[in-house]
Amino acid sequence: MPGTSDWIHDWQTYATDAWQRGVLTLDTLRERGNVFIDHLHAGKPALLKFEHELLLDGRDLAQPCNYALLRILPPDGEVVDPKRRPIVVIDPRAGHGPGIGGFKPDSEIGVALRAGHPVYFITFEPEPVEGQTLLDVARAEAQFIEEVARRHPKAPGLPAVIGNCQAGWAVAALAAVRNDLMGPIVLNGAPLSYWAGSPEQNPMRYAGGALGGAWLSAFSADLSGDRFDGAHLVSNFENLNLANTWWDKYYHLYANVDGERERFLDFERWWGGYFRMTGEEIEAIVENLFIGNRLARGEIEMEGYRLDLRQISAPMVIFASWGDNITPPQQALDWIIDVWGSEKALVKAGRTIVYMLHPRIGHLGIFVGGAVARREHEQIFDTLEQIVALPPGLYEMKIDARDPDAALAALESGDYSVSFETRTVDDLRALNPECRRDEALFSTIAQVSEANMRRYRQWLQPAVRAIGNKPLGEWLRWMHPLRQQHLALSDLHPWAPWIKHAADGVRARRQLAEPDNPWLKWEQLGSRVISESLDRVGHQRDTTLVHWVEAVYGPAGLGAWLPPREDDRASGQAHALADEREGRRVALEQVHQGGFADAVCRILLAGLAHRGVLQRRGLILGQLLADAHRRMAAEAEDAVAAAPAEDWATLLHRQALIVTFAPDEAMAALPDLLPTLEDREQALALASAVLMAESELADPNSPAARYVHELLHVDPVRVADMALALSAPAAAAATVSIAAPRRRKAVA
């Protein structure tokens, strides 16, 4: 048992450490205030950790806006290949400033540069151009992406565009109108189905009902002279997690202040940079997206074009997380259910959608998490060309530790292996624990919001605009509590010199308590109690809000007078039925058409449908074989190996439609497409190599081997040997280049 002297010593050590940590924490908060002021004086530039140059300024366009195009300059020691597909990163304009996509070396921009891609960034200024609209922004982004494509004429395709959070819906909307503009699209934590989710996971959805709809955002902008303060949006984010906002992030700084200071200041520099929008912009966002859910419903028009997400032809990668309470997986994915209705409809239209789910990372972690950048984002960039080559359909992307002993493991570099597992719309429905029962409630809220907005515009808006002006808006901006908390503790504070002097003294004679100090343990226990108490308060608040909104807008409340509109799912199912009928008709018309290349593709797709998974290394092998085996181009119409990517995509779409809608007829017609035994063996060997199905065929008693023998009358064991003979040289040739050190720079 410790003696009295030990307790006294522990207390003295802890008290000194606690006091010193308190002084250092105060000094860090003082520096946070100074960082806020310095960032403001610098004009709030994009907080990128990479050197960059301005290429196009949106303020110089015919319809000006406050957006601009930057080219990211690779750090010393890293080289980008102008012939690789360029990457365009777009950050959200949701209260904060730009830079989250390149916030640190291990970020989306960082891993794209290390992979050798040319990288561009679309940034924006703190203040909008007078009269700026979302359509002006869309036009500017289209011109920026066109400029990027123009700079890389030898790239394998159009630029890949990354849309983070709120930038994701903007990218999707632009792609729906301009499907000639982009290559693969990556949407990270991007909400497209705003009504989706569950009360426990994301109660923020109910805020619109509590406030009576979208009128309050219009009122705020009108009062400030047609300016909406992004600090209001940031406040909403902070209110989601009371424990983190009021305690956890500050205690974490206090408990680890010796090593946490720089990270805290870096993040607060971005978190405290509040940007503004025009009234038209925030009203369009809140009315059409947050409350109206009109993007997923196809009810938004731009210059006479209806924004129909079915028109997005580019392959899509959707990254969401179960730990995200701002954009949960349901908000990121449920639009697929409503817009397409079935995975077969995707095949009919030739669309490819890949999604990836993280088990626990929070919303900001999707963009700034170093571990996420090194794992998920790095694999997305490394796999872009394979995603482009995927057959049409719905897939879940899985990342696992790479097994160096696995077949063709040398075709994948790094620590991870990637696979694509086929999914159905029913798999997406299973992600909704509440079965989307509360979406009827949000339909009523949207109708109330529309009515309130009409009344506001008719009766209140003229008076508010008569009172509101930009000087009043500036005063309201600076009085916002989020700005005041930065200004309150900075060098403007009269005690700032004392805090700085005391902190310098503490650093000169710093004394740390031992990790097992009992008083330190009590401190940590007290912190957990406070954090859990705030969590309970927040949970109770959210539960009360949900129950209140359900009572007011439910069937016993306003829902009785404003019944929900037609269920979006019914529209999707109707589209799916029509697509499937047409798909079946077209498939039967084309089932006997084609030659060797069509047969290879058909066998590959049938194998994928049976196995349910396609490995990245198999796709890489397929690309290598297409380059190495020119005999596939013996007939002009079968010039797959030598054909451009667009021709391969057309063939893949056609055969995917046939295999999906007429699977039995597709297999029965194979002997007509492969009239000779040599063709049959070669086609089966090529498809088996890509599917890595040699082991199944090598066993003559396996179902696959028996099926192949009965259908095409070939020896499956011989086909397996031919597949191995095809894959081994290609894999060996690729190993040298893949195993070579990647162009990376050591990052401190």
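Asp27 is buried, with a relative accessible area of 2%, where buried means under 20%, exposed over 50% and partly exposed in between (1.4 Å probe, protein chains only). The model is predicted, so local features need pLDDT of at least 70 and side-chain atom pairs count only at pLDDT 80 or more, whereas totals for chains, interfaces and linings use all residues. Residues are numbered from 1 along each chain as its sequence is written, and side-chain values use heavy atoms, with hydrogens and water left out.

**Salt bridges**

- The structure holds 62 salt bridges, each being a side-chain nitrogen of Lys or Arg within 4 Å of a carboxyl oxygen of Asp or Glu.
- Side chains of opposite charge can pair when their charged atoms come close.
- Asp27 forms one of these bridges with Arg30, and their closest N and O atoms are 2.8 Å apart.
- Arg30 is also buried, at a relative accessible area of 6%.
- Asp27 and Arg30 are three residues apart in helix H1 (residues 4-41), and therefore about one helical turn separates them; helices (H or I, at least four residues) and strands (E, at least two) are DSSP runs, numbered from the N terminus.
- Asp338 forms a salt bridge with Arg436, with 2.7 Å between the closest N and O atoms.
- This pair links distant parts of the chain, 98 residues apart: Asp338 is in helix H12 (residues 329-340), and Arg436 is in the loop between helix H17 (425-429) and helix H18 (439-467).
- Asp338 is buried at 5% relative accessibility, and Arg436 is buried with a relative accessible area of 5%.
- Within helix H17, Arg429 and Asp426 lie three residues apart, about one turn of the helix, and their side chains meet in a salt bridge (2.5 Å, N to O).
- Arg429 is partly exposed, with a relative accessible area of 30%.

**One side of a helix**

- In helix H20 (residues 481-488), the buried residues are Leu482, Arg483 and His486.
- They cover an arc of only 100° around the axis, so they lie on the same side of H20; the arc is that of the directions from the helix axis to the C-beta atoms.

**A nonpolar surface patch**

- Trp7, Trp11, Trp519, Trp522, Leu525 and Val529 make a nonpolar surface patch of about 630 Å².
- Patches are made of residues with over 30% relative accessible area and no salt bridge, like charges being joined within 9 Å and nonpolar side chains (Val, Leu, Ile, Met, Phe, Trp, Tyr) within 5 Å.
- Accessible areas come from the Shrake-Rupley method with a 1.4 Å probe, and for residues only the protein chains shown count as cover.
- H1 and helix H22 (518-553) are the elements that give two or more residues to the nonpolar patch, and the largest share, four residues, comes from H22.
- Trp7 lies in helix H1 and is partly exposed, with a relative accessible area of 38%.
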